[in-house]
Amino acid sequence: MKKLALLSFIFSLLLVMSPEKKLAAEHLQATIDSLKEGAVLKLENKTYQGNIVINKPITIIGSKKTVIRGDGTGNVISIKAPDVKLSHLTVIHGGMNRNSAEEYAAIKIYTNNNVVEHIIIRDSFHGIYLSQAHHNTIRSNHIKGLGKGEIAAQGNGIHVYYANGNLLERNTIEGTRDGMFFDYANNNKSYENNISHTRYGLHYMYSDANIFKRNTFTMNTGGAAIMNSNHLKLEDNQFLVNYGNQSFGLLLLQANDNEIANNTFYMNQRGMYIDQATRNEFRHNKVVQNQIGIELWSSSNDQIFTLNQITENTIPAVTLGGNSENNSWSKNGKGNDWGSTFPITDLDQDSIGDFPITYRSSLYQLIEDQELSYLFLKSPALKIYEKMNAALSKEAVMFHDLHPLTAAKGSYSKAIFLIATLLIVGILLKGRHLLCITFGRNGRKI
Amino acid sequence: MHYIWKEWKENIRGKGLWLSLSIIVLISIAILFRSSALSFDKGFYVLLINLFDMIIYFIPILCLFIGAFSIFQEKEQKTLIMLLTKTDHFGSFLIKKSLGLFTVVLVPLITWFFIYLLLLKFNFQLDIKSYFIFVAAIVCMSLVFLQMGAAIGSISRSRMQILGFTIFVWFYFFFLHDFILLSFLPDVTHENVKLFSSVYFLNPLQAVRMFLETGTGVYSFGHMSRLLQSFMWTKPAYFLLGNLLFWLITSFFTGIVFNRKEGYE
Amino acid sequence: MITVKNLNQSFEKKTVLDSINLDINRNEICALVGRNGAGKSTLINSLLGLLPVKQGEILINGIAVNKKNEEWKRSIAYLPEKFMLYPMLTGLENMTFFAEAVAKTANQERIRQVLRSVSLWDDRNEQVKKYSKGMLQRLGLAITLYQDSSLLILDEPTSGIDPLGRKEILDVLSSLQDKTILLSSHHLDEIKQICTHVAYLENGKMEKYKVEEFLQTHNLGGISS
């Protein structure tokens, strides 16, 4: 009788405490611990409790609905051995404590030569953290944060700290603090990542000789912020609609000797914002339909702008804080295509204008002195204001392009526009009688 | 209700409304073609902003003309006098007429943008909430300028006066208002920024644009300075609502106070 | 029915109506006659409350015409000069609209009756822009008659209409019973055919006559016969 009562009591306790989760966590960690080096662990379509630490080179492959859920107190997955491969997992609920000594992440990598791919990450402070971890591959992961508004309460999508030679490609990151943050991280490659709704899509601090190509930065506060970093290559990236009050497509701050080529800057508040930067080369970029194409502070020297298409911007380029005669707007006799804003002649048909272009504007003073002036950039009144101040001799030279390029031929869409406009005008002209009926006496013969 | 029905029949059978709508349709289609190269997931927002930037040049002037000529025709046709000598006084006539105008302009407009949404579905990943905000922005802009147009129609005694007033109003909101503010901009400080902000958002074009761009998440106010925080002392939606109420009421009472019952022509 | 006492109206320091007195009694059909610019429209607008009355008094059925109390409007039906109605609507739709302006719902039977009385029932579904001038005028008259007001004020109801069309309108007016009518007119034959009295306006002053008396005593310049 007593034994039966005791058994029942223990059984009830088991039911109430639901120990299956703890068993499952211990089970996964135990499973990992029990694997030999080089083993492949295939996980099932269920939720496994974290946090787990991987101390040996193994491969973990999840199924479509495999979830590893952290306990909210630390890193969900810590990789402390080299040559680990993780793929096809969903990792959630990492530690969010900002007061701890360590910054937590969904996946924190401390070692080299690991591959993390096809991972979905949610609800974690950082997404993937590379801490002094080199030559890792971070590929095709999807990281989602709390949203662009939250800066302090969350970390970055991918955080690279004192980590070199890593490859970050085809990741999708949205709504984190920064998309990818490089802190003293050199020689890393970032290809084809898609970053949106973050503070800075890419944030480089003291990180040199990195390459980022074919990435897309959309609707961030800043597309890419490069600070105190040198010898970077930025090629074929797209900086689109980074359009907040202080937004920019690309920021160069105390960044030197960088190559910025074949990038597209489209519909940003400022396409490029360059401050205290030296010897950067901007080549074959498209800077189109931004409020300010290029904002260049006079603290920057020896920039070279050549073969860029800088068109349809509200203000093509503005120099603030004094003149910037140390910067060049052409190289080897080739300047930039300024579009129809600056009509040029090309009588010798060499695609280079016959005369230099000098752009003068009075707006620099307003933009320098009053941050609220950005609110008027889309207003048609701005052009009139600029012209009026020109008449009052308040202009300064913004840029001087010695060899401007002739405009590229218009696309067929312009032709469609033209045809549509002609159609409407034709209807209006031919349909005068109809107009009289419409707006006149409505057909009544008086 | 019978005003709405009458207005609807008149305008649907007429050509003015269709001409106006066809301009909007043409612009929308043109923007869609131009945006076809944009990415699937984010191109939607770019299209909305570009479309708005184009439409903002047409809708105010179209609504001003539609509102003004609609009221003026009531005077010209002597139907206004016939109504005023029955039970209506001018205020109630103007309310009913305004409601009729709103219905007649907004229903085809909203219908078109619903159809347009279906076209967009083939090209972009849709964000219904953002699209709703876009349509709401267009609706608010239309309401404001229709009511202003009605006021112009009430005041005017000839077509030339309508033309003059309409062009002046359009010019004022497009250029003059911002130009005046730009002139005062260097003098804006923390003490007077709230007043400056209130005047800035009195321009329906700015209020609508801010509402649209912040609502769709395209424009962000991250890391606001103290000055900017004081400038944005309330949400863009409230600025728009205040603007809408202000101009609807002001235009309405201007139309009543300064109305001329007869037209010269 | 209509009582005007010492009415003065001026525009830009020019006196248009100078202490006008006028009484129009029930069932009278009174023609308002005067040269162009004599002040006929001013008087009519004053009667309708469209012009503020600063000096003098106007009573319609004993009720003063002012903006504070609009009871007097129920007694009046007004047809302006050179109106166009809503050209894109049909005759029936125009009637229905104005009927609903008076009461919440239109009385379709009454509309049918009135349209028949002006011989427009067969053309009721045509858009008004296709109506002739005469048809339009009859439709306007129908709208005025729908209300069944005891007082009709008609501003040149046969202006610009061919002789046959005028005859149709005058026949309709002649057939009306228990109506007091004030109509502004330049046509002598019209006055002779249907009016009982003439209110003659000249140099801001008004005199009321019986029709025969008026025709005998006045040489009327500017009026066609």
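I began with burial in chain B, where buried residues account for 46% of the 265 residues; I call a residue buried if 20 or more other C-beta atoms lie within 10 Å of its own, exposed if 12 or fewer, and partly exposed in between, with C-beta atoms placed from the backbone. The model is predicted, and local features need pLDDT of at least 70, side-chain atom pairs count only at pLDDT 80 or more, while totals for chains, interfaces and linings use all residues. Residues are numbered from 1 along each chain as its sequence is written, and chains are lettered from A and ligands numbered from 1 in the order in which they are written.

**Chain B, overall**

I looked up the elements and found 12 helices and 0 strands in chain B, where helices (H or I, at least four residues) and strands (E, at least two) are DSSP runs numbered from the N terminus. The radius of gyration of chain B is 20 Å, close to the 18 Å from the globule rule for 265 residues, so chain B is as compact as a globular protein of that length; the radius is taken over C-alpha atoms, and the rule is 2.2 Å times the number of residues to the power 0.38. I noted that the C-alpha trace of chain B spans about 60 × 50 × 30 Å along its principal axes. Of the contacts in chain B between residues at least 6 apart in sequence, 85% join residues at least 24 apart, a contact being two residues whose C-beta atoms, placed from the backbone, lie within 7 Å.

**Helix H6 of chain B**

I then checked the length of H6(B), residues 90-121: at 1.5 Å a residue its 32 residues should span 46 Å, and the end C-alpha atoms are 46 Å apart, which agrees. The expected span is 1.5 Å times one less than the number of residues. Among the buried residues of H6(B) I listed Phe93(B), Leu94(B), Phe102(B), Leu109(B) and Leu120(B), and also Lys97(B).

**The sheet of chain A**

In chain A I traced an open sheet of 12 strands with parallel pairing, in the order S3-S6-S8-S10-S13-S16-S19-S22-S25-S28-S31-S34; strands pair if DSSP finds at least two bridges between them. The edge strands are S3 (52-54) and S34 of chain A, each pairing on one side only, and the twist averages 10 degrees from one strand to the next. For such angles, axes are lines fitted to C-alpha atoms, for helices over the stretch in contact, and values run from 0 to 180 degrees between N-to-C directions.

Although S34(A) is an edge strand, 6 of its 6 residues, 315-320, are buried.

I also looked at Asp302(A), which sits in the loop between S31 and S32 (304-306) of chain A and is partly exposed, with 14 other C-beta atoms within 10 Å. Leaving aside neighbours within four places in sequence, Asp302(A) is in contact with Thr278(A), Arg279(A), Asn326(A) and Asn327(A); the C-alpha atoms of Asp302(A) and Asn326(A), 24 residues apart along the chain, are separated by 5.4 Å.

**The sheet of chain C**

In chain C I found an open sheet of 6 strands with mixed pairing, in the order S6-S7-S8-S3-S9-S10. S6 and S10 (205-210) of chain C stand at the edges with a single partner strand each, so one side of each is left without a neighbour in the sheet. S9(C), residues 197-202, pairs with S10(C) in the antiparallel sense over 6 bridges, and His197(C) stands opposite Lys210(C). Helix H4(C), residues 133-146, lies across S6 and S7 (151-155) of chain C and runs at about 170 degrees to S6(C).

**Contacts of chain B**

Between chains A and B, the contact takes 34 residues from chain A and 32 residues from chain B. The side of chain A that touches chain B has 18 nonpolar, 11 polar and 5 charged residues, where Ala, Val, Leu, Ile, Met, Phe, Trp, Tyr, Cys and Pro count as nonpolar, Asp, Glu, Lys and Arg as charged, and the others, Gly among them, as polar.

Between chains C and B, the contact takes 19 residues from chain C and 18 residues from chain B. H2(C) gives the most to the chain C side, with 6 residues, and that side has 15 nonpolar, no polar and 4 charged residues.
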